[in-house]
Amino acid sequence: MGRPRLPGAAGIDPIAEEPPHSAAAAGDGGDAAGLACAISAEASAVLAVMRRSLRHPRATADDAAADHPLVSSLKALRRLVFSPSAAAAPAGAVLRPFLDAVRSEDAGAAVTSASLAALHEVMALMGPSLTGAALREVVDAVASCRFEAGAEAAAEEAVLMRMLQALLACLRAPAAPALGDQHVCTAVNTCFRVVHQAGAKGELLQRFSRHAMHELIRCVFARLPQIGSGDGPDGSVKPEVMSKFCFAINS
């Protein structure tokens, strides 16, 4: 199979006619442009949800979306990822607009769910460039996630599932050992809280939350030598940290 030779082109290798397409030829520029487009698309998806549902005390819904700080920060992110300084931008600066939306009391369940979904996707796109500091910000934001009471059951369950996905992504990231005991415990406690909440909700969330809890604990124990390095008096994991993990497993 392959491209047919042109008449009179005997002796010409059709493969040799093609310009080289090695990774070096594509260059990091292509990868950077693709990453910028993907991050911009995630920001745009969250913006679309925000424009429909953000609450603002001073104006109508359309005006509120136009000048709300959450909207402004996402628009600034879209400019940042296409700017020449994007390569030097810290991972936390890229994630922060999504984290602000997760923490915000103005964000309803739909905005929070969309922000958590975008956060998970952007973290996957950034991969090894995620730093310990960025992961700590994610854990803190997810642990303090708030949205309005009285949300529809499906919307609330979507938020809780997205929270679990973000926490799992943090513990699976290459920089996860840099989280430290406190943030690992925060991730485990948050996941454990969601497992308890799921008891009164749908079967899908119950199954997913239990699976997430098991995966989280598996990640923790797989990285115990790195996580505990230097934390205890002899470089071992602190006893109170181990007791929390064992309590979570036995529950």
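Reply: Let's begin with helix length: the expected span of a helix is 1.5 Å times one less than its number of residues. Helices (H or I, at least four residues) and strands (E, at least two) are DSSP runs, numbered from the N terminus. Take H5 here: its 13 residues should span 18 Å at 1.5 Å a residue, and the end C-alpha atoms are 18 Å apart, which agrees. Keep in mind that this is a predicted model, where local features need pLDDT of at least 70 and side-chain atom pairs pLDDT 80 or more, while totals for chains, interfaces and linings use all residues. Residues are numbered from 1 along each chain as its sequence is written, and side-chain values use heavy atoms, leaving out hydrogens and water.

Me: Where is the kink in H5 centred?

Reply: A bend at a residue is the angle between axes fitted to the seven residues ending there and the seven starting there. In H5 there is a kink of about 40 degrees, centred on proline 97.

Me: How many helices and strands does the protein have?

Reply: You'll find 12 helices and 0 strands. Read from the N terminus, the elements go α-α-α-α-α-α-α-α-α-α-α-α.

Me: What share of the residues counts as buried?

Reply: Buried means under 20% relative accessible area, exposed over 50%, and partly exposed in between (1.4 Å probe, protein chains only). Of the 251 residues here, 41% count as buried. Back in H5, the buried residues are Ala91, Gly92, Val94, Leu95, Pro97, Phe98, Leu99, Ala101 and Val102.

Me: Which residues have the most contacts inside the largest nonpolar core?

Reply: In soluble globular proteins, nonpolar side chains tend to be buried together. A nonpolar core is a set of buried Ala, Val, Leu, Ile, Met, Phe, Trp, Tyr and Cys residues joined through side-chain atoms within 4.5 Å. The largest one here has 65 residues, and Leu95, Phe98, Leu119, Met123 and Leu171 have the most contacts inside it. Among the elements that give it two or more residues are H2 (23–53), H5 (91–103) and H8 (153–172). H8 provides the largest share, 11 residues.

Me: What does leucine 171 touch, if I skip its neighbours within four places in sequence?

Reply: Contact means heavy atoms within 4.5 Å. With those neighbours set aside, leucine 171 is in contact with Ala176, Leu179, Val184, Ala187, Leu216, Cys219, Val220 and Arg223. For the whole protein, look at contacts between residues at least 6 apart in sequence: 73% of them join residues at least 24 apart.

Me: And how many salt bridges are there?

Reply: A salt bridge is a side-chain nitrogen of Lys or Arg within 4 Å of a carboxyl oxygen of Asp or Glu. The count comes to 6. Aspartate 100 is partly exposed at 30% relative accessible area, and arginine 103 is partly exposed at 32%.

Me: Which parts does the pair of glutamate 156 and lysine 201 tie together?

Reply: Their side chains meet in a salt bridge of 3.2 Å, N to O. Glutamate 156 lies in H8 and lysine 201 in the loop between H9 and H10, so the pair ties together parts that are 45 residues apart in sequence. Lysine 201 is partly exposed, at 24% relative accessibility.

Me: Are glutamate 203 and arginine 207 buried or exposed?

Reply: Both are exposed. Their side chains meet in a salt bridge of 3.0 Å, N to O. Finally, Arg172, Glu215 and Arg218 are linked in a network of salt bridges.
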